[in-house]
Amino acid sequence: MKAFADGDRILLSHGGGGLLSRELVERLFLPRLANPALAALDDAGVVALGEQRLALTTDAFVVAPPFFPGGDIGRLAVAGTVNDLAAQGARPLGLTVAFILEEGYPLADLARVTDSLAACAREAGVSVVAGDTKVVPRGQADGIFVSAAGVGLIPAGRCPTGAGARPGDRVIVSGPLGEHGLAVMLGRQGIAFAGEIRSDVAPLNALVEAAYAACADPGAIHAMRDPTRGGLAAALNEIAAASGCAIAVDEAATPVSPEVRAACDVLGLDPLHLANEGKMVFVVAAETTDAVLAALRAHERGRLAAVIGRVTDGAPRVTVRTELGTERLLDVPVGEQLPRIC
Amino acid sequence: MNRYIETALSYDGPQVTFMEVCGTHTMAIARHGIRNLLPRAVRLISGPGCPVCVTAAADIDAVLALLDANPGLTLTTFGDMLRVPGSDRRTLERLRADGADVRVVYSVTAALALAREMPDREVAFLAVGFETTAPGTAAALTEALSTNVDNFRVISLHKLVPPALRQLLTTPGARIDGFLLPGHVCAVTGSRPFEFLPADFGIGGVVAGFEPTDILTAIGMLLAQWRAGAPAVEIQYRRIVSPDGNTAAQAALAEVFAPVASTWRGLGQIPASGLLPRPQFARYAVDLGEAAGAALEKAAPALAGADAGGCRCGDVLRGAIAPSDCPLYGRVCTPRSPVGPCMVSSEGACAASYRYRGVAV
């Protein structure tokens with residue numbers, strides 16, 4: 001793979017969760033930090049502790065605005081970290097949180113963020129067991145940044161990985177797509193729509209436990225991803241690439257709320273490219289599909305879960321059968337998602 | 001299925017070519033794979049409907065030169081503008097990483113708000129777009145004037161659609177049998193400004209919405225006109241568009257802007273196709289002329305104002321070639337490293353074609 005040229009700089013798109021983010025990881029970080037756990041490029045890394053397996057993850061949160069419809073940066077930090085562990089099949093053991101605060105940031109806002117973070121941790125049944133605070137001079141950060149890390153225990157028999165999809169598997173999403181990305185985008189620009197669009201940010205460890213409880217063999221869940229930046233498109237392309245399989249998605253079966261669909265039409269956005277913070281993608285063995293789907297639908301965070309596609313033999317790529325019956329590729333977005341101007 | 005969709009899907013007459021001139025149509029047609037549904041005899045091409053794409057290379061160069069010369073300037077614009085390469089392959093995104101104050105906004109309102117927040121800096125809005133976005137710029141200029149936001153600036157690269165269609169049809173070799181007229185633009189202008197199509201050129205147009213059934217219905221309506229030999233301007237998108245359009249927005253446009261000649265990528269200079277702020281708004285208007293001169297001086301003469309090497313965006317915007325006919329398409333020019341604006345903007349014909357390319361590719 002091509003190295004970066006001298007004089008290249010970080011562009012905002014390198015943080016957009018699309019093709020450029022992926023290139024940065026593969027060209028700059030992976031070769032320097034080379035190890036098998038990282039190279040799996042799953043949502044959390046797996047390390048051994050005697051006979052047990054632990055999942056480790058870390059995430060930085062710089063969302064602007066820090067308070068958005070449906071959530072805030074505190075809830076996002078806990079849910080994002082817990083969901084990365086859950087995507088590895090892990091039960092969260094403990095979290096750490098670090099704040100980077102800009103001089104002058106209102107203490108009342110910090111208290112609000114911390115209350116929300118604590119409430120989300122209670123909801124997930126996990127504690128924040130360590131933390132750190134740094135303050136930088138005014139202008140050197142945008143109000144509040146949060147960095148979180150988490151450790152979880154992976155029960156025996158669970159081994160979901162992006163490389164685990166096999167031809168014949170079914171793809172399930174736990175609910176309607178695009179809500180978080182759209183809520184933050186609309187909040188950032190103060191765009192109002194009839195019918196408020198709220199972020200779906202939520203911890204999903206209980207939902208994942210419910211899915212496992214429905215599987216006679218925990219190995220039947222072959223892959224999980226929480227489709228954050230880059231949306232379903234990025235999550236499925238990662239799985240297809242890591243597994244060496246094709247994935248075929250049925251657009252008509254893919255859940256998107258009428259509000260999100262309408263806003264996406266107006267803004268010229270694709271809901272399959274928008275971030276989610278309270279949804280999980282499952283790739284499961286065909287014979288386990290009905291049981292997992294029923295278990296998800298019985299859980300409050302998965303009522304609108306749906307089977308949206310299947311894994312097939314063939315070159316690693318993701319295709320979509322449109323509602324008109326035509327077929328097209330589902331690509332990874334390059335950088336940030338932008339509203340249309342025509 | 002309505003009878004027009006049936007007409008579209010079952011057409012087996014001689015080859016016809018219809019052009020859409022709206023980035024959102026470009027995206028919708030590609031995203032829903034509508035070309036694959038239509039009979040081979042119906043050819044759909046994209047025209048100059050992507051605001052970012054039709055911005056002239058010389059104007060991009062001038063904006064880059066303007067930032068070079070004014071480090072104190074804050075430039076705001078729509079996100080897609082940031083990745084359009086100038087003649088020297090530099091982009092606003094790259095200038096921003098190098099330290100220039102370039103910010104993405106989703107609307108001119110946000111740019112005006114930023115000007116209020118930073119009264120000690122000049123905040124310029126690089127305004128692109130057609131009759132859809134221009135009324136917003138007009139409203140912002142009116143508000144800046146009435147509330148004395150003296151540090152607000154507008155670089156108007158706004159363009160008008162009807163003169164471009166006239167230019168296309170007077171270009172030798174043009175072969176267009178009908179237009180899918182832009183639904184969002186016509187929501188403002190109404191359908192009347194397009195009546196010259198049948199009157200002067202004997203070509204029909206149908207104002208289309210953006211759902212797959214809207215687009216297929218509009219194509220069926222164009223085919224019905226074509227069969228009957230009765231070109232006309234019709235509105236399929238009746239739930240939004242009327243013949244007269246949004247008269248308040250038209251009045252705001254007329255009050256703030258005067259039509260002026262404007263250079264389009266691929267089409268050259270077109271009389272009365274741009275919008276220049278009227279004299280009472282002159283203090284807010286940035287004239288790119290001087291910056292353009294500086295850009296010309298700096299650039300190698302052969303490159304200045306030209307499309308990057310081998311890029312055929314101009315031909316794509318005229319509908320003269322399909323994106324995949326360009327030798328750079330999908331090889332050296334991809335959304336990851338675009339050579340021309342049609343691959344940069346998600347509304348560009350090349351980007352839409354690439355992003356939603358058929359499974360056969």
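Student: Which domains does the assignment give for chain A?

Tutor: Domain 1 (1-34), domain 2 (43-154) and domain 3 (162-329). Keep in mind that this is a predicted model.

Student: How far apart do the C-alpha centres of domain 1 and domain 3 of chain A lie?

Tutor: Those two centres are 26 Å apart.

Student: Now the backbone. What should I expect of phi and of peptide bonds?

Tutor: The general idea: phi is negative in most residues other than glycine, and most peptide bonds are trans. Now look at the exceptions here.

Student: Which residues does the cis peptide bond join?

Tutor: A64(A) and P65(A), with omega at about 0 degrees. P65(A) sits in a loop of chain A, between β2 (52-61) and β3 (67-68).

Student: What is phi of L41(A)?

Tutor: Phi of L41(A) is near 55 degrees, a positive value, and the residue is not glycine. L41(A) belongs to the chain A loop that runs between α2 (36-39) and β1 (45-49).

Student: Why does L41(A) count as partly exposed?

Tutor: Count the neighbours. Buried takes 20 or more other C-beta atoms within 10 Å, and exposed takes 12 or fewer. L41(A) has 17 within 10 Å, so this residue is partly exposed.

Student: Where is A272(B) found, and what is its phi?

Tutor: A272(B) is in a strand of chain B, β11 (residues 268-277). Phi of A272(B) is near 50 degrees, again positive in a residue other than glycine.

Student: How many C-beta neighbours does A272(B) have inside 10 Å?

Tutor: A272(B) has 14, so A272(B) is partly exposed.

Technical notes. Residues numbered from 1 in each chain as written. Chains lettered and ligands numbered in written order. Predicted model: local features only at pLDDT ≥ 70, side-chain atom pairs only at ≥ 80, totals over all residues. Helix = DSSP H or I, 4+ residues; strand = E, 2+ residues; numbered from the N terminus. Domains from an automatic or database assignment.
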